[in-house]
Amino acid sequence: MKRTKITDLLTATAGQDVRVCGWVRTHRGSKNVHFIALNDGSTINNIQVVADTGKFSDELLKRATTGACLAVEGQLVQSVGSGQAVEVQATSIDVLGDCGADYPMQKKGQSFEYMRQHAHMRLRTNTFGAVMRIRHNMAMAIHTYFHQHGFFYFHTPLITASDCEGAGNMFQVTTKNLYDLRKDEQGRIIYDDDFFGEQTSLTVSGQLEGELGATALGQIYTFGPTFRAENSNTPRHLAEFWMIEPEMAFYDKDDLMNLEEDFIKYCVGWALDHCADDLAFLNKMIDKTLLERLHSVIGQSFVRLTYTEGIDILQQAIAAGRKFEFPCQWGDDLASEHERYLVEEHFHRPVIMTDYPKEIKAFYMKLNADGRTMQGTDVLFPAIGEIIGGSVREESLDKLMAEINRRGMDTTSLEWYLDTRRWGSCPHAGFGLGFERLLLFVTGMQNIRDVIPFPRTPGNAQF
Ligand code: 4AD
Ligand code: MG
C-alpha cells in the first residue's frame, strides 16, 4: 500500500485504509489498547495510532518506544479523544528501526545546550522540526519575492581573493602543505605555487561580485553560504551562515530603504501565511509573544533615522540615568545593546539607521556631501539588533579611490571591481540580510545555533 504523509492524513476523510510511516513520539498503553503518537516530519502534528492488545503481541508493542521507526497500516477513523479529527486503527505494525533507551532525544524538555551536543539527532524533536520547516519556507519566500520583483538569482563564488568587508576575518583556502611552507626574505608565505596562484579565502560577502551582476542585469540577488572567522561567541554570530544580498542599479537611499522594509515584511507575512502550525507551536512552547511580535512588525512602518540622531537619543538616555556597558559617543560603532535600546525601549518598532561615520563602515559606501558620513542603511530589529547591513555604493571612481587610498588598501585583487566604476559606472545600492538572524526573529529562538541544522562556531565543527 502507498504511504500517505501525516500532513495529508490529518485532513483526509475517515473510512479509508491507509499506510503511515514515522517515528514514535509517545506511547502509552493499558490492558486493552495502546496509543502511539507517530510523526513523520511533514507537520508538527502527530497521528495517533490505536493498537488493540488482542491484535498485537506484547513483544511487538514493547518495541514501539520513543524514537523507534514504524510502518503502520490500518483504517483511518474518526477520533474520539486524541485532539485530532482522525486516527489510525492499526491492522499491522512493522518496526522499521528499533530505538533503545540510550536514544539521546528520549526525554522531553531537554535543554537547548544538551540538544546542541546531539545536533544530529535534535532534528527529530518538535522544536527543531518546526524551526527547519520554517527555515525552508523562508527560503521559498525569499526566492518568490525576488523572482516576482524582477530580480535575477545570481551565484557568486565562495572562494575569493578579496576581502569585501575589509575586516580581515577570513578563513584561508589552500592546498599547500602546511608543514612545509615556502617563505620570502620578509618571512611572507609564497603563494605562487598554491592552487590558485595567490592567497585565497572563503567569502565574507558576495557583494563585490553582486555589483558586477547588478551593473549588467539591473537587479540581482545572491543567497548562499558566507563565512566569518570572527571569534565572537555570541547568540547572534555563526562562522558559517547564509546571506541574502540583493544589489540594484539606479537605486538611491530611499529606494534602498523601501526595499529593505518591504522585503522583510513580505518574509514575515509569508511565515504567518505558510507556517501557522509551527508558529503556533513555537508561540506556545518557546515565546508567548512571538505571534504578536510578527504581526506588529508587519503592521508598523519602520523608523528611519540617521546615526547622528540615534547617538543624540542614546546620549539623552545616558543623561537620564540609563547605563550601557559600551561607550556611544559620535564615531563609536554601536553595540547590540545600543541598537536594542533604540528599537525595544525608545521606538518600540524596527529602525533603519542611516548615514554612519565613514570610520566605522566599509570602503565601498557612498560618501555624503559632509565628507564624514556614508550612506549606510542598517535595519535594526527587536530581540536581534542588526538584521540587515546595506548601503548606497560609491559610484565615482575618484572618490572610491580616495577612500581606498585613505585606508591604505591594496587594490591588486580589486582591479576587476574598480572596472565597474571605470566603464559605464552607475548609481547603485544593495544590502545583506543574515538568513539566520531573520530566522531568530521569525521563530522566537534565542540562539542562532538553534536555527541552522549544523552550526559552525569557534571550537565547533562537529557533525
Ligand atoms: O553588515 P554585513 O557585514 O554587510 C555585508 O556583508 C555587506 N557586504 C552586505 C551588502 O551590502 N551586500 O553583514 C550583513 C548581515 C548582517 O546584518 C547580519 O544580519 C548578517 O549579515 N551577519 C551575520 N549573521 C550571522 N553570523 C555572523 N557572523 C554574521 N555577520 C553578519
Ligand atoms: Mg553590518
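1. A polar contact is taken here as a pair of N or O atoms within 3.5 Å, where, within protein, one must be able to donate a hydrogen and the other to accept it, and residues adjacent in sequence count only if both atoms are side-chain atoms. By that criterion, a polar contact of 3.0 Å joins the side chains of Q48 and E87.

2. The model is predicted, so that local features need pLDDT of at least 70 and side-chain atom pairs count only at pLDDT 80 or more, while totals for chains, interfaces and linings use all residues. Residues are numbered from 1 along each chain as its sequence is written, chains are lettered from A and ligands numbered from 1 in the order in which they are written, and side-chain values use heavy atoms, with hydrogens and water left out.

3. Q48 belongs to strand β3 (residues 47-52), strands being DSSP runs of E with at least two residues, numbered from the N terminus. Q48 counts as buried because its relative accessibility is 14%, the limit for buried being under 20% relative accessible area (1.4 Å probe, protein chains only).

4. Ligand 1 is surrounded by 24 residues, of which the closest are E165, Q207, E245, E386 and I387; a residue is included if one of its heavy atoms lies within 4 Å.

5. For E386, an N or O atom of the side chain is 2.6 Å from an oxygen atom of ligand 1. Polar backbone atoms also approach ligand oxygens, with a distance of 2.8 Å for I387 and 3.3 Å for G389. Among the elements that give two or more residues to the shell around ligand 1 is β15 (385-392).

How values were computed:
Helix = DSSP H or I, 4+ residues; strand = E, 2+ residues; numbered from the N terminus. Buried < 20%, exposed > 50% of the residue type's maximum accessible area, 1.4 Å probe, protein only.
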